[in-house]
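This briefing gathers notes on fold, helix packing, nonpolar cores and backbone geometry for the structure shown below. Please read the points alongside the coordinates.

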Amino acid sequence: VTRRTVIDVAVVALALAAGFVGVLDLGVPLRSVLVISFVLFGPGTAVVQLIDLRDLAAAVAIAVAVSIALATLIASATLYAGIWSPRLTLIVLVLATLALIGARRLARPALLASHGGAA
Amino acid sequence: MDRSSHDVIFGGRAQRRDRPRVRLIQRPARVKLAHLAPAPATALTVVPLLIAAALWGTSLQQVDVGRMNDLGLVSVLPARFFLGLGVLGAGFAWSVTRRQPRHGVLLLYLALLIVMLYGTPRLIEDVPRFAVTWRHVGITDYVVRHGSVDPDIDAYFSWPGFFILLGFLTKVAGLHSAIELAGWAPVFFNALCLTPLLGLVGWATRDRRLVWLTAWIFFSWNWIGQDYLSPQALCFFAYLVIVMVLLRWFATPVPIRWFAAPEPPRWFATPEPRAPVAHRLATWVRRRHAHVPAAVRGGLRRVVRPLHLWARVGEPRPRESTPAQRVVLMASVIVVFAAMVPSHQLTPFVVVASVTALVVSRRVDSRGLPTLMILLCAAWLAFMAVAYLAGHLAALAGNVGDVQGSLGANVSSRVAGSSMHMAIVYGRLLFTAVLWSLAVIGVVRRWRRGRRDTAMLLLASAPFIAVPSQPYGGEILLRVFLFTLPAMAFFAAAAVYPSARRRPGPGAVLATLLLCTVPLGALMATRYGNERGDAFSSAEVQGVAKLYELAPHGSLLLAAGDSTPWKWAHYEQYRYQVLTHSPEWQLTDLAASTPAQLRAVVERIMGGGQRRSFLLITASQQADDELLGTLPAQTLPRLEASIASSPRFVLRFGNSGTRIYELRQANVRGGP
């Protein structure tokens with residue numbers, strides 16, 4: 001089991017759990033912890049997982065910043081589009097996270113490697 | 001453990017030129033959590049941390065916030081609290097001056113430091129501090145209730161990104177109100193800043209003592225208190241992330257031939273790397289003014305080229321990266337900045353200034369980024385903040401270039417208040433001056449060792465461009481202090497550790513000990529010096545809740561002072577006014593007026609319309625007025641006594657922290 005696999009599994013589990021309790025509006029005790037943790041870390045971690053930074057401090061900072069930025073932009077887009085819906089925003093974030101993780105795991109390593117020559 | 005753990009946290013190993021280049025697809029790294037755990041040999045260094053935590057935890061039970069005077073929180077904190085801070089600082093100094101500082105141990109110290117410095121008010125006070133925190137909760141409440149924003153209400157609705165995020169979080173997390181997130185917001189935002197700060201400084205130096213001491217100084221000197229539940233707190237974190245990413249992965253590498261070529265290289269013949277501005281200027285001058293005597297041209301070359309080379313000596317290299325990594329990282333920077341633009345008025349422009357300075361000086365090679373950032377800012381101003389600009393353009397334009405006015409609003413107007421508060425104000429100025437002086441010493445010491453640190457110098461100076469642009473409500477210097485704090489903290493730490501050493505000497509150890517302990521007490525005094533006016537009791541919040549029960553929508557709600565925990569609900573449903581901001585009140589000679597005359601002014605302010613009017617007087621307002629000298633001594637108690645005895649007013653509610661008076665108006669339906 002590699003570090004990236006562990007992180008992938010954790011992010012997917014967090015996304016599914018947060019999406020489940022948030023969208024269904026379940027009054028479970030850890031709901032706020034689950035949902036806030038996902039919004040803070042989930043989407044950005046999926047983005048950072050696309051690239052292997054090997055740099056813990058920077059990776060955490062970028063993951064949190066991108067997560068918050070995506071949540072802000074998607075929530076703002078729904079508001080200005082006149083379809084304000086926190087649930088819809090959460091669904092989009094969960095789906096985006098799962099799509100990013102899935103795309104990375106399904107992508108052919110050789111294809112990525114051919115474009116990944118070090119600068 | 002040592003070098004590899006440094007690489008795990010700061011990613012330094014990939015910077016070494018002799019390492020194979022990092023590829024996107026390669027053997028995955030194993031989880032190396034053991035790198036963060038202290039080895040048995042270093043377990044002793046954790047003992048001061050445990051002692052400090054115990055001293056701090058037990059000291060909080062002795063705090064009686066009600067006995068606070070104008071010195072703020074330090075006046076009620078027991079000696080045990082400061083002893084705990086001292087032990088923590090001494091323990092950190094011990095850990096960081098060891099031959100091989102351990103990242104895990106230092107991280108634990110910083111975590112406890114953040115909780116002790118920024119979490120203490122939450123543990124000893126009833127409710128979240130700062131009136132503006134409660135206002136932000138009210139704006140979030142508006143967004144949640146309406147699912148829209150109304151820029152005509154006030155400026156917050158022209159930059160609502162943060163409040164939209166907060167509304168989204170509040171709803172999906174099942175919270176009753178955003179105030180549930182406010183109490184620990186300072187701890188959260190400071191902890192958030194730790195990782196980009198470590199990443200930024202970890203790029204500038206590989207000396208782990210310098211990195212960790214910078215982080216310690218950053219949190220020890222962050223006295224301005226902009227880390228409450230606010231857009232600027234989140235945007236400051238985003239600012240740190242953006243500059244960290246740009247410098248770590250997009251810094252311009254120094255071409256070897258700059259140092260080797262006997263003649264200036266032919267910049268115009270090779271598109272990459274482009275010449276720095278100074279070189280291009282020299283080339284342009286040489287070609288354009290060929291008639292200038294060769295001696296002069298040669299002299300110019302002899303000045304400009306060595307100057308530029310000198311400025312880049314010792315500059316860190318960017319991290320090696322793949323094109324895919326650069327694409328994702330640049331996309332991340334753009335997304336983070338795009339979310340910042342609708343969230344805060346000031347921070348995007350500081351980011352533009354800093355990034356432009358880095359690009360123009362060729363420290364960062366993302367040449368199109370400043371233009372893109374400016375376009376994003378301009379687009380938001382032109383299309384989404386037009387309501388605000390329409391009403392404030394003349395005032396905004398009038399302030400540009402008014403340095404004296406800006407400094408007056410930021411410094412002169414703040415040097416006022418009670419004698420104890422004046423001591424705190426001068427303490428803040430001294431505290432700031434000490435940091436900046438240490439930073440100057442650090443710059444000189446680094447230069448003398450061949451480290452120019454031009455990028456960090458630019459980060460320390462670029463935000464000052466905001467000073468002549470806007471007074472920003474008398475807060476621009478505070479904001480500039482915050483934006484320059486990471487770089488200033490780096491140079492202040494460099495005053496002790498200008499270059500890496502295996503073992504620091506006795507002088508460096510003593511200086512580290514002083515730097516790690518003394519500022520902590522000073523921070524508690526300067527950061528929480530206004531606490532008597534900034535803190536609220538639960539009785540005051542209950543009083544405001546009662547006010548919302550009593551007052552029908554559309555009523556005029558008049559607060560006797562700024563420090564009021566209101567507007568956390570019904571943001572648009574009342575007409576809110578602060579007595580001391582009212583033009584009629586400001587035109588009154590308060591010192592020469594009798595209480596009855598002042599009461600008449602209040603009556604005029606409250607009775608100007610056909611709506612019901614309520615006056616809210618709280619203990620925090622009175623404390624704030626006394627602290628800042630907003631009103632002459634005893635003005636508010638005498639005014640309240642006069643109001644209480646007047647037949648025109650009726651007391652509708654009172655508790656230990658709040659009184660609510662309603663003005664009797666015969667022609668208003670539903671009045672008392």
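A residue is called buried when its relative accessible area is under 20%, exposed when that area is over 50%, and partly exposed in between. With a relative accessible area of 31%, A:Arg54 therefore counts as partly exposed. The model is a predicted one, and the points that follow are grouped by topic.

**Loop residues and backbone geometry**

- A:Arg54 is placed in the loop between helix 2 (31-49) and helix 3 (56-80) of chain A, and although A:Arg54 is not a glycine, its phi is positive, at about 55°.
- B:Phe130 likewise has a positive phi, near 75°, in a residue other than glycine, and B:Phe130 is found in the loop between helix 4 (103-124) and helix 5 of chain B.
- The relative accessible area of B:Phe130 is 16%, and B:Phe130 is therefore buried.
- B:Arg611 belongs to the loop between helix 26 (595-606) and strand 3 (613-618) of chain B, where its relative accessibility of 33% makes B:Arg611 partly exposed.
- The C-alpha atoms of B:Arg611 and B:Pro552 are separated by 9.3 Å, and these two residues are 59 residues apart along the chain.

**Chain B overall**

- Chain B contains 28 helices and five strands, and 56% of its 672 residues count as buried.
- Of the contacts in chain B between residues at least 6 apart in sequence, 77% join residues at least 24 apart.

**Helix packing in chain B**

- Two packed helices are described by the angle between their axes and the distance between the axes.
- Helix 5 (residues 131-146) and helix 6 (residues 161-172) of chain B pack with their axes 8 Å apart and at an angle of about 70°, which makes helix 5 of chain B roughly perpendicular to helix 6 of chain B.
- Helix 5 of chain B contributes B:His136, B:Ile139, B:Thr140, B:Val143 and B:Val144 to this contact, while helix 6 of chain B contributes B:Phe163, B:Ile164, B:Leu166, B:Gly167, B:Thr170 and B:Lys171.
- The residues of the contact between helix 5 and helix 6 of chain B comprise six nonpolar, four polar and one charged.
- The axes of helix 9 (residues 208-220) and helix 22 (residues 506-527) of chain B come within 9 Å and cross at roughly 20°; helix 9 and helix 22 of chain B are therefore roughly parallel to each other, and their crossing is left-handed.
- On the side of helix 9 of chain B, the contact involves B:Leu213, B:Trp216, B:Ile217, B:Phe219 and B:Ser220, which meet B:Thr512, B:Leu515, B:Cys516, B:Pro519, B:Leu520 and B:Leu523 in helix 22 of chain B.

**Nonpolar cores**

- The largest nonpolar core has 184 residues, and those with the most contacts inside this core are A:Ile62, B:Phe92, B:Phe168 and B:Ile242.
- Helix 10 (residues 231-249) of chain B supplies the largest share of this core, 16 residues.
- Neighbours within four places in sequence aside, B:Phe168 is in contact with A:Val39, A:Ala71, A:Ala75, A:Trp84, A:Pro86, A:Thr89, A:Leu90 and A:Leu93.
- A second, separate core has 20 residues, among them B:Leu556, B:Trp585, B:Met606 and B:Phe649.

Terms used:
Residues are numbered from 1 along each chain as its sequence is written. Chains are lettered from A and ligands numbered from 1 in the order in which they are written. This is a predicted model: local features need pLDDT of at least 70, side-chain atom pairs count only at pLDDT 80 or more; totals for chains, interfaces and linings use all residues. Side-chain values use heavy atoms; hydrogens and water are left out. Axes are lines fitted to C-alpha atoms, for helices over the stretch in contact, and angles run from 0 to 180 degrees between N-to-C directions. Helices (H or I, at least four residues) and strands (E, at least two) are DSSP runs, numbered from the N terminus. Angles under 35 degrees count as roughly parallel, over 145 as roughly antiparallel, 65 to 115 as roughly perpendicular and the rest as oblique. A crossing is left-handed if the near helix is turned anticlockwise from the far one by less than a right angle, and right-handed if clockwise. Contact means heavy atoms within 4.5 Å. A nonpolar core is a set of buried Ala, Val, Leu, Ile, Met, Phe, Trp, Tyr and Cys residues joined through side-chain atoms within 4.5 Å. Buried means under 20% relative accessible area, exposed over 50%, partly exposed in between (1.4 Å probe, protein chains only). Ala, Val, Leu, Ile, Met, Phe, Trp, Tyr, Cys and Pro count as nonpolar, Asp, Glu, Lys and Arg as charged, and the others, Gly among them, as polar.
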